Every structure is written in structure tokens, then in C-alpha cells.
Amino acid sequence: MAAKPGSAKPKASSGKDSKKSKPLSSASKVSKKSTKRPPPREVKSKARTEASQLKKTKKREYTEAELDLPKLNTITPVGVVKPKGKKKGKVFVDDQEGMATILAIVNAEKEGQIESKMQKARQLEEIREAKRKEAEARHAQKKNKLEETKTAIRQKRKRRGDGNEVAKADAVVAQTNGSSSKSKGKRKSVSFA
Amino acid sequence: MRPLTEPELRAVLEKLTVYVHSSVKDLLLPLDNSSKPDRFVFRLSQSRVYYVRLSIANLATSIPRDQLLSCGTCLGRFTKSGKFRLHVTALSVIAPIARNKLYVRPNGVMPFLYGGNVVKAHISRWPQDCPEHSGVVVFDSDEIPLGFGIAAKSQAVLQRSGPTDIVCFRQADCGEYLRDEDTLFTA
């Protein structure tokens, strides 16, 4: 970005003006000498952070009575009246009667809590016991059913086997006889030479 | 040092009744039958509650607040939210009148004193008719109080639980005298 030749011109002219203004200023000095004015004082506006500026001006605070507000607009409701002449601050409980009453209240509350807890626990235990018994009964019933079916199947098998019972018995006798004869005849013996 | 206000006294008594139930009234009984008997009172100093004889508490008024480090037995302190926490220093007050006493075996003493909870394998005797979440005071087999805690299980549930199941959540134990030495007596 080169500066345009035209733009430089006013600068030069301004320089000339400053040179021209000098005699003017001298002329003003002359006039001052004639009137004898006091030397000009520099008036500075105070900084905002200055101590005197920082001080807050105390504004007048109006009491509620002075404001003459309608009663419904106040913070405290109409019905509430602050007790006058009552002790400000904490109220200590140091006498034995006061302590005893608080103790009794606390005790009663705790006892009630413990009692309800115990009762609850007892109820829960009863429910658990009942559930356990029910489960046991169900289990026993299932077992009974299983046993019944088992016996039924056994009986069925026996009935089927009734027709062939004689033949089976014969076969069993023959088997036992055969095995006994075999066992008698072929008895293994070990001999050492 | 000042007496407690009503809500403060209520908070302290509620916490004590967790461990001692109705025996808490024994703590405030007069010590003799004279016309002006001495008795124990609660006093608050720098958010700590002390259980101290009235005669001593009256004498302690001559000591400036900020220079009074301790007076009587420190029961615990008030948190900034207004709750009351029992310290292990209260053990000497609650152990003799404790309602639920839990006895631990010799092998369970050290784990408890190191800040652990009590497991079922470590208990030798369990309080009868103790509901869940009630306060228990833990003793060793020689009936020396070790600390206190909260029952994790009721008696019925305890019988069905395994040996490694927690039965008592630790609240305070004597090991704190060493572990919390810096903060136990001063704020």
C-alpha cells in the first residue's frame, strides 16, 4: 500500500498553518499582558478511585411507619405480632426439669421407633416363615405326586408281566441252575509248579 | 463454654439413646441426696459437647473461652450442618449403660481396632432381640469396651448369614486415639 501523492498534500499545508499560528499566539500574549489575568489553573476532575469519591453518601433510610405502606404490602403478615420484651438470642436448657421433659420426649420418640422397628421385623419374619412353610408344602406335594406316578408305573409293569410270569420264572430257575452247575464244575484253581 | 439450647440438647440425647435407650436418664441423675446436689450437665465449647460435673462447669466459667481446651468428658461435636457426632471419647460414658452389647472373639479385636467392621466369624456373643440398625457397643471377651457401631443385621437374619458377612458397622473404636490423635481433642 503506497501512499498517494495527493494524500500527502494536506499534511504539508498543515505544517504551514502551524508556522503561521506562531505569530498569532504572540499576539495573544500581548493582549494578556495588557489585561493581567491570573495564570490559568489546571483543573483536574477527580479520579473515580479516589477515597473521597469512593465514600458512599449516606442515604436516608425510611422506617416502615414513615413510608405509610398499606398493611397487606409489608413483609410480616398482618396476623403475626412479634413478641415484645422477649429475650433475644439463644434459650438455654440448664434446669433439671427442662432437661427431664426433653429427655422424656426424646425417649418416647425413640422407644416408639424401636418398637415399630421390632414389630416390623416380627411381621416380616412371620411372612418369611409363612412363605417358607408354603414352599415346603409345595415341595412335599410335588414329591408325593412323583412317588405316586412312580408306583403307578411300577404297577403297570407288574400287570404287563403277569402273562409271561410262569415262563419268566422257569427261565430264571434254569439260569440259576445253570450258573450253579457251571460254578461247581469250572472252579478255577491256581497251582504253582 | 455454655449450656445447650433445646434443639442441641435434643440432638445429643437422640444420639445417646441410640446406644443406651432409656438408660440415658441415668446420666443426668443427681449424685447425692443433699438439698443442692451436684449433677452432671452438658456444656458446649467450640462446637464440642462435654459431659461434666456442674460444680466443675461453674468453676470453668473463670477461664476465657478461647483458652479452655477441654473440660470433663468430650461426648462429640456438632457438625456445621447442626448434626451431632459421637466421638470415641464418649465410650466411657455409654459403655456401662449400653443396651446392646456385642462381644468379639480375640481374633476379631485387632481388625476392629484398625477401623474395620465386625464380621460374623468374629463375634462370640450377640445381643438378644436386637433389631437391624440399632446401636451396639462392642466389647472384647474380657468385657473391655472397644468401640461402638450400628447393627447391620437383625438376630433372625444373622443366623442365616455367612461367616464373612458384616454384622456391625463401625462408628468409633479405641484405635482412633492413635489414628485421629491430631484432630480428636482440638478443632
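**Exercise 1.** Find what share of chain B counts as buried.

*Solution.* Start with the rule: a residue is buried if 20 or more other C-beta atoms, placed from the backbone, lie within 10 Å of its own. Apply it to the 187 residues of chain B: 37% count as buried. The model is predicted, so local features need pLDDT of at least 70, side-chain atom pairs count only at pLDDT 80 or more, and totals for chains, interfaces and linings use all residues. Residues are numbered from 1 along each chain as its sequence is written, and chains are lettered from A in the order in which they are written.

**Exercise 2.** Describe the largest nonpolar core.

*Solution.* Step one: define it. A nonpolar core is a set of buried Ala, Val, Leu, Ile, Met, Phe, Trp, Tyr and Cys residues joined through C-beta atoms within 7 Å. Step two: look at its members. The core has 51 residues, and Val12(B), Ile94(B), Val137(B) and Val138(B) touch the most other members. Step three: find the main contributor. Helix α1 of chain B (residues 6–20; a DSSP run of H or I, at least four residues) gives the most, with eight residues.

**Exercise 3.** List the contacts of Ile94(B), leaving aside its neighbours within four places in sequence.

*Solution.* Two residues are in contact if their C-beta atoms lie within 7 Å. Ile94(B) then meets Leu16(B), Tyr19(B), Val20(B), Val137(B) and Phe148(B).

**Exercise 4.** Count the residues where chains A and B touch.

*Solution.* Chain B supplies 20 residues and chain A supplies 17. On the chain B side, α1(B) gives the most, with six residues.

Note on methods
Buried ≥ 20, exposed ≤ 12 C-beta atoms within 10 Å, placed from the backbone. Helix = DSSP H or I, 4+ residues; strand = E, 2+ residues; numbered from the N terminus.
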